[in-house]
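Let's take a walk through this one together. Have the sequence and the model open side by side, and we'll go stop by stop.

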Amino acid sequence: MSSEPIISLSHVNHWFGHGEGRKHALKDISLDIHPGQIVICTGPSGSGKTTLLTMLGGLRSCQDGSLRILGEELNGANKEQLAHLRLNVGFIFQAHNLMMFLDAKRNVRLSLELHDRYYDQDMDQLAVQMLEKLGLGDRVDYFPANLSGGQRQRVAIARALVSQPKILLGDEPTAALDKDSGRTVVGLMQTMAREHNTTIIMVTHDNRILDVADRIIIVEDGELAGQEAEEAFVRRMRDGSAH
């Protein structure tokens, strides 16, 4: 493992709103994540997990503390810096955010079109190959309206994976998937982490996929739980999912 973290947070705080009603969403978060790690982030609803995830992906600016991603300090980053960071990040949202007027292949191809390095490659072929890996080889020309919820989610996952981003962020990426599809997706993520050193961070309540994590972090009321709480949680989950 590289000694240099790909993501480093030091005393990061985040607030929503202003004045009396201001909500302290993230509280003094310090965390290092290394290249090729698979990190699962869990915790109660409304605890700050998605806020943390969107900040790690450059969708939200860092207001207080230090956030370094790929060597860049993002506290005070402007829109151009955040946009440049997002080129290195793949996102899998809970709401799949597909373009409803594009078929599955074109939705996936969109991700490749953002990168100069793919312009001399057959982007259609790369998109189809990724859809095939996710069991959608017979759905490449289907529009999202004609796909099931789980199939749409797999198209969104294909779009996030196809450009081989340095960082992959997933917000409940397997929630809409059956057990077999969920394992397929997680298997692809593990391969990316291993072969391309992709760093993967997933917010999930899906206990079926905890076993792939190199690390599980718990966010409670905007704070990171300590190592003892992490280890106790992992033990509880593994005992509960062993049956």
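Four elements, namely helix 2 (79–86), strand 6 (89–92), helix 3 (104–113) and helix 5 (149–162), each put at least two residues into the lining of the largest pocket. Keep in mind as you look around that this is a predicted model. The top contributor to that lining is strand 6, which gives three residues. The pocket itself has a volume of about 430 Å³. It is lined by 17 residues, and those closest to its centre are V89, F91, S111, L114 and R159. Sort the lining by class and you get 10 nonpolar, five polar and two charged residues.

Now move over to the second largest pocket, with a volume of about 260 Å³. Here helix 4 (123–133), helix 5 and helix 6 each supply at least two lining residues, and helix 6 gives the most, with five. There are 13 lining residues, and M130, K133, L161, Q164 and H196 sit nearest the centre. By class, this lining splits into seven nonpolar, four polar and two charged residues.

Which residue in the loop between helix 6 and strand 8 (199–203) deserves a look? That's N197, a non-glycine residue with a positive phi of about 60°. Most residues other than glycine have a negative phi. N197 counts as partly exposed because its relative accessibility is 42%. E172 isn't a glycine either, yet its phi is positive, at about 50°. Is E172 buried or exposed? It counts as buried, because its relative accessibility is 10%.

Next comes D206, in the loop between strand 8 and strand 9 (215–220). With a relative accessible area of 12%, D206 is buried too, since the cut-off for that is under 20%. Its side chain makes a polar contact of 2.7 Å with the side chain of T174, and another of 2.8 Å with that of R208.

Last stop: L26, in strand 2 (residues 23–33). Its relative accessible area is 0%, so L26 is buried. What does L26 touch, leaving aside residues up to four places away in sequence? The list is V12, N13, H14, G48, T51, L52, M55 and G222. Take V12 from that list: it lies 14 residues from L26 along the chain, and their C-alpha atoms are separated by 7.1 Å.

Key:
Residues numbered from 1 in each chain as written. Predicted model: local features only at pLDDT ≥ 70, side-chain atom pairs only at ≥ 80, totals over all residues. Heavy atoms only, no water. Buried < 20%, exposed > 50% of the residue type's maximum accessible area, 1.4 Å probe, protein only. Contact = heavy atoms within 4.5 Å. Polar contact = N/O pair within 3.5 Å; in protein donor to acceptor, adjacent residues only side chain to side chain. 1 Å grid on protein atoms, 1.4 Å probe; cavity = no way out; pocket = protein on both sides within 12 Å on 5 of 7 lines; lining within 4 Å. Points joined across faces, edges and corners; volume = space filled by probe spheres on them. Nonpolar A, V, L, I, M, F, W, Y, C, P; charged D, E, K, R; others polar.
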